[in-house]
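Let's take a walk through this protein, one piece at a time.

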Amino acid sequence: RTNLHVCVHVAPKYHEQRTTVALIELFESFKSDEGLFYFLGSIVNFSQEPEVHYKYIEAACKTGQIKEVERICRESNFYDPERVKNFLKEARLGDQLPLIIVCDRFDFVHDLVIYLFKNDLKKYIEIYVQKVNPSRLPVVVGGLLDVDCGDDIVRNLIMTVRGNFSTDELVAELEKRNRLKILLPWLESRLHENVTEPATFNALGKVYIDSNNNPERFLRENPYYDSIVVGKYCEKRDPNLAPMYSALI
């Protein structure tokens, strides 16, 4: 500890001659997370070595430098995403934003949702889709359903997200799990917003067909849905509507 300042000052000057890996091992042999953090912090912005970036993230976590963990996770293109994701899950930080950043950047969203849900960190799921990246709501919903999350929780989450996301993708995630009815309150709220997006009305038509909620009237009178998409769906789900399918297309 007494010589830490000197070691941190000297190490960057000789890391090329001694090799960075050797110096990392030296700091680790003395269990000096702080020394490793300051040493790697002096070279990480100029290094393309994955090990440097990973060890810097590791040292920053161990020394409580969470903002710096967030920065490197967000900005670095040189760490191994799978390795960092696994480390952050095992580290169980008080703030899950670094893990969220990695999973969002490298398409580990389904894995992220399962981890957060199973570890009772549901508030971070809300933070992710409400503030970080609303466009990933469809994948988040699919992940929640895969871990048997209650329909009410999923329904309420969908209602609270105000950012841009694909209606078609959201419908697809629910439809392939046979849970499209969860979407009904959101779809009907869209009607009150005077939305004319075909995807919204395609989904609404499918729900009405599944629930037998006067689908004939919807099919006859609504001008916004895609007749081919809804027509094929009603042909598949309700043979009694098959004659109307011919009229739709």
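D107 sits in the loop that links α7 and α8. The helices named here are DSSP runs of H or I with at least four residues, while strands are runs of E with at least two, and both are numbered from the N terminus. With a relative accessibility of 55%, D107 counts as exposed. (Here's the scale: buried is under 20% relative accessible area, exposed is over 50%, and partly exposed is in between, using a 1.4 Å probe and protein chains only.) The phi angle of D107 is positive, near 60 degrees, and this residue is not a glycine.

D120 is another residue to look up. You'll find D120 in the loop between α8 and α9, and its phi is near 55 degrees, again a positive value in a residue other than glycine. D120 has a relative accessible area of 59%, so it is exposed. Then there's D148, which follows α10 and has a positive phi near 60 degrees.

## Where this model comes from

What you're looking at is a predicted model, where local features need pLDDT of at least 70 and side-chain atom pairs count only at pLDDT 80 or more, though totals for chains, interfaces and linings use all residues. Residues are numbered from 1 along each chain as its sequence is written, and side-chain values use heavy atoms, with hydrogens and water left out.

## The whole protein

How many helices and strands does the protein have? There are 17 helices and 0 strands. Of the 249 residues, 45% are buried.

Now for contacts, meaning heavy atoms within 4.5 Å. Take the contacts between residues at least 6 apart in sequence: 56% of them join residues at least 24 apart.

Helix α7 covers residues 97-105, and its buried residues include P98, L99, I100, I101, V102 and C103. What covers them? Among the elements doing so are α5 (66-75), α6 (81-91), α8 (109-118) and α9 (122-132).

Look at α5 next to α7: they pack at an angle of about 5 degrees, with axes 9 Å apart. The axes are lines fitted to C-alpha atoms, for helices over the stretch in contact, and angles run from 0 to 180 degrees between N-to-C directions. The two helices α5 and α7 are therefore roughly parallel. (Under 35 degrees is roughly parallel, over 145 roughly antiparallel, 65 to 115 roughly perpendicular, and the rest oblique.) On the α5 side the contact uses I66, V69, E70, I72, C73, R74 and E75, and on the α7 side L97, P98, I101, V102 and R105.

## Helix α10, well covered

Is α10 mostly covered or mostly open? It is mostly covered, as 8 of its 10 residues are buried. Those buried residues are L137, P138, V140, V141, G142, G143, L144 and L145, and they pack against α8, α9, α11 (151-160) and α12.

Start with α12 (residues 167-175), which packs with α10 (residues 137-146) at about 15 degrees, with the axes 8 Å apart. That makes α10 and α12 roughly parallel to each other. L137, P138, V139, V141, G142 and L145 of α10 meet E169, L170, E173 and L174 of α12.

From α8 come V109, H110, V113, I114 and F117, and from α10 come V139, V140, G142, G143, L144 and D146.

## One buried valine

Finally, find V52 in helix α4 (residues 50-62). V52 is buried, with a relative accessible area of 0%. Which residues does V52 touch, leaving aside those up to four places away in sequence? They are T20, L40, I43, V44 and S47. V52 and T20 are 32 residues apart along the chain, and their C-alpha atoms are separated by 7.7 Å.
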